[in-house]
Amino acid sequence: MSKVKRKVKVIKIDVDKCNGCRACEVVCSAFHATPKYSSNNPERSRIRIVHDALKDIYIPVYAGEYAKAECAGRDKYVIDGKEYDECTFCRASCPSRAIFKEPDSGLPLKCDMCEDDPPQEEPLCVQWCLSDALTYEEKEEEIEEEEQPKEMEVSLGSLIDKFGLDKVTSAVTRMSQKD
Ligand code: SF4
Ligand code: SF4
């Protein structure tokens, strides 16, 4: 099996440096508004800050894969004396919670690393994070050619399973007409 190189984009999150300013949510939601930069509703953001000011907890979380069902786990984590729910660190859009769902359509959101048109050289949330809680790097890794994930097919299949073909088709048609 032949090996291919692929570029891997990584955003490092330094939780200790996050001050909860939510600038990352503002710029992400504006970049993904239709038309672009016409609004800045944080509910449209692919990064959300899970926060509890009284406990000095600010956790940036990126929207990851859509999950059809909620998980059964409700573990607690205690880190440096602060207690966190398991959901705090989870990237999934799932039925258990309100975040990472597009507010108009209810469709799940996923971070696209700002590759949407026009693609950004560096993710906007990183550029707008003035406290350096978010930093960006690229690296190369070798993978077996056949192991490359068919991400778009998997995501589309999940969406159609949940919302039905008609709703997904009409959402895509609506989005393509707005631009
Ligand atoms: S911009 Fe940076 S400091 Fe502000 S909330 Fe987002 S991650 Fe935290
Ligand atoms: S990388 Fe881009 S799409 Fe992903 S959360 Fe940051 S601003 Fe949003």
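Visitor: Which residues do ring pairs link into a cluster?
Guide: A pair of aromatic rings is described by the distance of the centres and the angle of the planes. Rings of Phe, Tyr and Trp (its six-membered ring) pair if their centres lie within 6.5 Å; planes under 30 degrees apart are stacked, over 60 edge-to-face, and the rest tilted. Here ring pairs join Tyr 77, Tyr 84 and Phe 89 into a cluster. The model is predicted: local features need pLDDT of at least 70, side-chain atom pairs count only at pLDDT 80 or more, and totals for chains, interfaces and linings use all residues. Residues are numbered from 1 along each chain as its sequence is written, chains are lettered from A and ligands numbered from 1 in the order written, and side-chain values use heavy atoms, without hydrogens and water.

Visitor: How many aromatic pairs does this rule give?
Guide: The count is three. Phe 31 and Tyr 37 form a tilted pair, 6.2 Å centre to centre with 55° between the planes. Tyr 84 and Phe 89 have ring centres 5.4 Å apart and planes at 50°, so this pair is tilted.

Visitor: Are Tyr 84 and Phe 89 buried or partly exposed?
Guide: Buried means under 20% relative accessible area, exposed over 50%, partly exposed in between (1.4 Å probe, protein chains only). Tyr 84 is buried at 8%. Phe 89 is partly exposed at 34%. In the other pair, Phe 31 is buried at 0%, and Tyr 37 is partly exposed at 48%.

Visitor: What is the pLDDT average of the protein chain?
Guide: pLDDT is the predictor's confidence in each residue, from 0 to 100. The protein chain averages 88, and 92% of the residues score at least 70. Helices (H or I, at least four residues) and strands (E, at least two) are DSSP runs, numbered from the N terminus. Confidence is lowest in helix 4 (residues 165-178), with a mean of 72, and highest in helix 2 (residues 124-128), at 98. Where pLDDT is low, the predicted coordinates should not be read in detail.

Visitor: How many residues has the largest nonpolar core?
Guide: In soluble globular proteins, nonpolar side chains tend to be buried together. A nonpolar core is a set of buried Ala, Val, Leu, Ile, Met, Phe, Trp, Tyr and Cys residues joined through side-chain atoms within 4.5 Å. The largest one here has 15 residues; Ile 11, Cys 24, Ile 47, Tyr 62, Cys 125, Val 126 and Leu 134 have the most contacts inside it. Two or more residues come from each of helix 1 (23-31), strand 2 (47-52), strand 3 (57-62), helix 2 and strand 6 (134-144). A second, separate core of six residues includes Ile 59, Val 61, Ala 63 and Phe 100.

Visitor: How many residues of helix 1 are buried?
Guide: Eight of its nine, so helix 1 is mostly covered. Among the buried residues are Glu 25 and Phe 31. Contact means heavy atoms within 4.5 Å. The cover over the buried residues includes strand 2, helix 2 and strand 6.

Visitor: Which residues surround ligand 2?
Guide: A residue is near a molecule or strand if one of its heavy atoms lies within 4 Å of it. Around ligand 2 are Ile 11, Cys 28, His 32, Arg 46, Ile 47, Tyr 62, Cys 111, Asp 112, Met 113, Cys 114, Pro 123 and Cys 125. Ala, Val, Leu, Ile, Met, Phe, Trp, Tyr, Cys and Pro count as nonpolar, Asp, Glu, Lys and Arg as charged, and the others, Gly among them, as polar. This shell has nine nonpolar, one polar and two charged residues.

Visitor: How does the shell of ligand 1 divide by class?
Guide: Eight residues are nonpolar, three polar and one charged. Among them are Cys 18, Arg 22, Ile 49 and Leu 134. Ile 49 is found in strand 2 and is buried at 7%. Its contacts beyond four places in sequence include Arg 22, Cys 24 and Pro 60.

Visitor: Where are the cis peptide bonds and positive phi values?
Guide: Most residues other than glycine have a negative phi, and most peptide bonds are trans. Cis bonds join Thr 34 to Pro 35 and Asp 117 to Pro 118, each with omega about -5°. Pro 35 lies in the loop between helix 1 and strand 2. Arg 22 has a phi near 70°, and Asp 132 one of about 60°.
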